[in-house]
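Hi,

Here is the structure I promised to send over. Have a look at it first, and then read on for what I found.

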Amino acid sequence: MVNDIAGNIRTVLEFYKELGFDRLPIEISSGVQGTTLNSKPLTQNSSIDKEAALYALRAEIGDCRRCKLSNGRTNIVFGEGNANASIMFIGEAPGEDEDIQARPFVGEAGEILTSLIGNMGKASGSNFTREDVYIANIVKCRPPANQDPREDEIAACLPFLERQIEIIAPGVIMALGKTASHTLMGSETPLAKFSIVKARGHFFEYKGIPVMPTFHPAYFLRNRKDKPLTWTDAQAVLKRLEEAR
Ligand code: SF4
């Protein structure tokens, strides 16, 4: 336990060093007003704190072997984006391109997601892009032959995603596809009987965060005619964010 804590502290210190800090950028709350260790005091939930927490989490995952998906993967796909994002997009699992590049949604389906995010940015008037949101998956290693991740694999990996969501604390989540929606919803319906067609378009809550289930971008590689449905879901997400401001 003590070694774990020391390891995590070391990781965070290394993170700050990489960012160019030579002293810890924290405020001392000792009652001595205005005392800081340097000129960059941070609030508890600043973007840099979140980045440090995500960095420490990635270090904790390490060369994870907690489930069988580790056997066939090339890389762990942790997730990427803005640690202070208002919107998180959560898919199911890395595919072949993601496994090779260690990045989520970089293949053909990734292009569709990137385009959706860009269009949402334009529609919102703030022109946010892929770099301004956070993208992750339910499991961080590629399932063999792109199968759905199994229940035990989801159970092993989900705590990492839960902590990412807790750190980022987005205003809203878009769950991409059946597995992501079913998992975040905590649905008791067996996955095989869960219908994303029925679930999409209706918000549910995950630990107080509104979640919009919608189709996985890969679905549109074969069903382009349904794209407007996801755009309707995306507009509802933007409206919910606007209302929360
Ligand atoms: S899928 Fe998650 S739990 Fe399984 S080996 Fe990869 S990182 Fe670990």
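Two notes on provenance. This is a predicted model, where local features need pLDDT of at least 70 and side-chain atom pairs count only at pLDDT 80 or more, while totals for chains, interfaces and linings use all residues. Numbering starts from 1 along each chain as its sequence is written.

Back to the ligand. A residue belongs to its surroundings if the C-beta atom, placed from the backbone, lies within 6 Å of it. There are 14 such residues, and the closest are Cys64, Cys67, Ser70, Cys141 and Cys157. Helix H5 (residues 151–168) gives the most to this shell, with three residues.

Now the overall layout. Helices (H or I, at least four residues) and strands (E, at least two) are DSSP runs, numbered from the N terminus. By that count the chain has eight helices and six strands, and along the sequence they follow the pattern α-α-β-β-α-α-β-α-β-α-α-β-β-α. I call a residue buried if 20 or more other C-beta atoms lie within 10 Å of its own, exposed if 12 or fewer, and partly exposed in between, with C-beta atoms placed from the backbone. Of the 245 residues, 34% come out as buried. For contacts, the C-beta atoms of two residues, placed from the backbone, must lie within 7 Å. Among the contacts in the chain with a separation of 6 or more, 68% are between residues 24 or more positions apart.

What is the strand order of the sheet? The sheet is open, has six strands and runs S1-S3-S2-S4-S6-S5, with mixed pairing. Strand S1 (80–81) and strand S5 (204–206) are at the edges with a single partner strand each, so one side of each has no neighbour in the sheet. Two strands pair here if DSSP finds at least two bridges between them. S1 and S3 are antiparallel over two bridges, with Gly81 opposite Tyr134 in S3. S2 and S3 are parallel over four bridges; Phe89 has Ile135 as its bridge partner in S3, and Gly91 stands opposite Asn137. On to S4: strand S2 (residues 87–91) pairs with strand S4 (residues 172–176), in the parallel sense and over four bridges. There, Ile87 stands opposite Val172 and Met88 has Ile173 as its bridge partner.

S2 deserves a look. Five of its five residues are buried, so S2 is largely enclosed by the rest of the structure. Ile87, Phe89 and Gly91 point one way from S2, and Met88 and Ile90 the other way. In S3 (residues 134–137), Tyr134 and Ala136 point one way and Ile135 and Asn137 the other, and all are buried.

Which residues have the most contacts inside the largest nonpolar core? They are Met88, Phe89, Ile90 and Ala175, in a core of 47 residues. By nonpolar core I mean a set of buried Ala, Val, Leu, Ile, Met, Phe, Trp, Tyr and Cys residues joined through C-beta atoms within 7 Å. H5 gives the most to this core, with seven residues. Leaving out residues up to four places away in sequence, Ile90 touches Ala136, Asn137, Ile138, Ile173, Ala175, Leu176, Ala180 and Leu184.

Leu161 lies in H5 and is buried, with 22 other C-beta atoms within 10 Å. Leu161 and Ala136 are 25 residues apart in sequence and 7.7 Å apart in space, C-alpha to C-alpha.

Finally, H2 (residues 47–61). Its buried residues are Ala52, Ala53 and Leu54, and H2 is followed by Gly62, with a positive phi near 55 degrees. Phe78 sits in the loop between H2 and S1 and is partly exposed, with 19 other C-beta atoms within 10 Å.

Cheers
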